[in-house]
Amino acid sequence: MWQTHSGGAALVLLLAVFMGCQQHNLVTGPALRYSALLTSQNDLMPERSTNLPSEPALVADVRTVLNPDAPKRYITLAECIALALENGRLSQGGNIAPVPVRPQPGGFGDPSLFTDQIRVLAYDPAELANEIEASLAKFDTVWQTAMVWQKQDRPVGTALEQFQAGFLNVIERDLAQFQTRLVKPLPTGGLAGITFRTDYEFSNLPARVNPAYRPVLEFSFEQPLLQGAGVGINQLRSTHPGSVLFNIPVGGRAQGILLARLTYNASQFDFQRRVQDLLLGVERAYWDLYSAYWELFSAEVGMRQALRAWQRAKARFDAGQEPIYNVAQIEEQYQVFRAQRLQALGRGGARPGVLEAERRLRYVIGLPAEDGTRLVPADAPTTAPYQPNFEEAFREALANRPELTSTRLALQHAQLQLLAARDRLLPDLRTFATYNVNSLGRKLDGDDPSSAIHNLFEGRFNDWQAGLILQMPLGFREAYSEFRQAQIQVAKWTVFLRNQEEATKFQLQDSYRRIIQLVQEISIQRARREAARQELEAFQSLYEAGQAQTREGRDVLTALLNAQRAFAEALRDEYVAISEYNVALAEFERDKGTLLRHNNVAIVEGPLPDCARARASEHIRERSRCLILQAVPDRPHSPASPNSGDEAPLPIPADEDGVLPLPRLLQQQQTLPPLPETLSGTSRPMRKPLSGSSKPLEERCLPLDTPASPSPERTQSPYFSREQAPSVRPETVPDRLPELPTPTPFFTEPRP
């Protein structure tokens, strides 16, 4: 028998040790699976391993200026905006690096201070919405319950005890008390409470009722009369006025309900401002990439022209018809264009190159740094003239700028804090009252007339109490200091709001003038490029004809090289102005506070409906494909393989003239490249992308043994033959990144 009990005790002890030593895992759900994955990996890893299962996939090949090409991914501005809203970043500069997080005492701080990702910043309004609930917590009903038992076994020793006990030598008493209470803090600053209490006593002393139950039902009410009185002031106070009757929590962790709502609304407008900055950054990065492609194209145009002139000069040098310094001068120009093309391809000086501009766009919209494709803007820029009404735009800015709205909310916040500080100048005067219903019985419940609960509901024994309590500091020094500080804050925010409105007018004025200027600048740069084209065509014809000087005595070769540089610069500056014009339009909408409406973006609260839970960017890509297929029904469309790096290209419909080849761009009646009805208010469809050619540039140029006298066909197209010329998509960007051959030195010493 003893062995059985010993075995059972050992089993119980073992279970108790096991249950007591078991750690309760408070991590559940996906976090628990993540922790399990970390544990399983760390078991197989060294101690200092930092491998995490969520680290991004490594990129095997990073594109550089030596291998810039990749399968094209045509991307629209709408898709870029959708991607940025899903997982974009606010950074717009070239210095992109992780922000170091330094632990602070008590924790690591708020991640919103260390990141620019829009998905992290979107939690800020939700975090402040919690403050509203925290500010309402001080009005929550409080339930207080207590149960106390007491045992007395005391020998009789004093005269009083001898009188109470009679002939007894020991006083024995069993005491118990149960109390439960509900206390409701009121929005007026007072409180109401109801308490049920039962006292039990059983002793060996002579008593009229033994055992005795004494239930009590008590109603309490308390209300401040001066400080903290009223619903309005208690919506501003961070704490409840409290009570002199009960010990209840009064809050204090969060600010008042009205102040918390103002802070929450301000956080919503601050998030709206960040979304506007995100959209502006997307548009700037998108049109910078567009401009970078055209800058690269202009450098390639100049390089091809210089290479053509160099080939012609070399042929003449070999025939003894050209001096060596002319050949070296042309080669020097060619090398300059090569360097410019390299900068336009990689990372240039004042403006980013194609690879750098694409890197910035990928970072802003949240795409991987390398995914096996290269981004090509598919949208044509806006060139229609726009001249808004400045006064109307300024009124829109005053009404819609989120910065101004946040400042107005801050001023209102300071004014409400001034009212709360004024309330502290009042003395604390409050009234209170209690009403009790008492009873007594030998047992607690039942229908017996001796039942304590039965007598309680009869209400024959009642107590009541009422009174006033006053408390105030003499002088109110701290209250006056807080009131003066609140007055200063109101004055500061008032001046700051006026300054913000004036600064908004100056900022809007700058963007307004910039739009007007760029409208004129596009027209001027187009005329400049047309003049440079005519100059280049004229001097190229003279040089092809073998003339050394013009009738005015100008050196043809020097003039040709200057014309090549002028034409490349004019072509670059024209599309730089076009891209800057589109960025200026976005900046003007941002300065008005209407950039979200301009890009059809809305900020709403709550979860997305079922019909919109899929990624918006995928919807936009599918919609773009459908619209293009509808516009060009006779064009075959082959979807891309899911495993291929190149997505199915978006077919671009050509206009009534068809695809414009490069030689025709230099004709007298054509622009290079023509704009979609430039500055006329209408737009034409985008053209076909630049078609690549596998032949080297020397094979695509005219043969070197072509006679010097220009033929009629060469007069119209002096640089390339009509069949060998590469085509270009004029209204968007050239989407081909050819690597031109480097000319090998063809002499080692000056030739006599």
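I began with the contacts of the chain (heavy atoms within 4.5 Å), and I noted that, of those with a separation of 6 or more, 77% join residues 24 or more positions apart. The model is a predicted one, in which local features need pLDDT of at least 70 and side-chain atom pairs count only at pLDDT 80 or more, while totals for chains, interfaces and linings use all residues. I number residues from 1 along each chain as its sequence is written, and side-chain values use heavy atoms, with hydrogens and water left out.

**Whole chain.** I looked up the secondary structure and found 20 helices and 8 strands, these being DSSP runs numbered from the N terminus (helices H or I, at least four residues; strands E, at least two). Of the 752 residues in the chain, 41% are buried, where buried means under 20% relative accessible area, exposed over 50%, and partly exposed in between (1.4 Å probe, protein chains only). The chain exposes about 41,300 Å², of which carbon and sulfur atoms supply 56%; these areas come from the Shrake-Rupley method with a 1.4 Å probe, and for residues only the protein chains shown count as cover.

**Helix H5.** Asp124, Pro125, Ile132 and Ser135 are buried in H5. Seen down the axis, the buried residues of H5 fall within an arc of 105 degrees and so line one face of the helix, the arc being that of the directions from the helix axis to the C-beta atoms. Tyr123, Asn130 and Glu133 are exposed on the other side of H5, whereas the cover over its buried residues includes helix H4 (118-121) and helix H8 (257-318).

**Salt bridges.** I searched the whole structure and found 45 salt bridges, each a side-chain nitrogen of Lys or Arg within 4 Å of a carboxyl oxygen of Asp or Glu. I then looked at arginine 73 and aspartate 371, whose side chains meet in a salt bridge at 4.0 Å, N to O. This pair links distant parts of the chain, 298 residues apart, with arginine 73 in strand E1 (residues 72-75) and aspartate 371 in the loop between helix H10 (354-365) and strand E6 (374-377). Arginine 73 is buried at a relative accessible area of 9%, while aspartate 371 is partly exposed at 31%.

The next pair I looked up was arginine 590 and aspartate 277, with closest N and O atoms 3.9 Å apart. This pair, too, links distant parts of the chain, from arginine 590 in helix H15 (residues 556-592) to aspartate 277 in helix H8, 313 residues apart. Arginine 590 is buried, with a relative accessible area of 14%.

I also checked glutamate 392 and arginine 395, which form a salt bridge with closest N and O atoms 2.8 Å apart. They are 3 residues apart in helix H11 (residues 390-400), and are therefore separated by about one helical turn.

**Serine 511.** I found serine 511 in helix H14 (residues 477-544), where this residue is buried at a relative accessible area of 3%. Leaving aside residues up to four places away in sequence, serine 511 touches Phe588 and Asp591.
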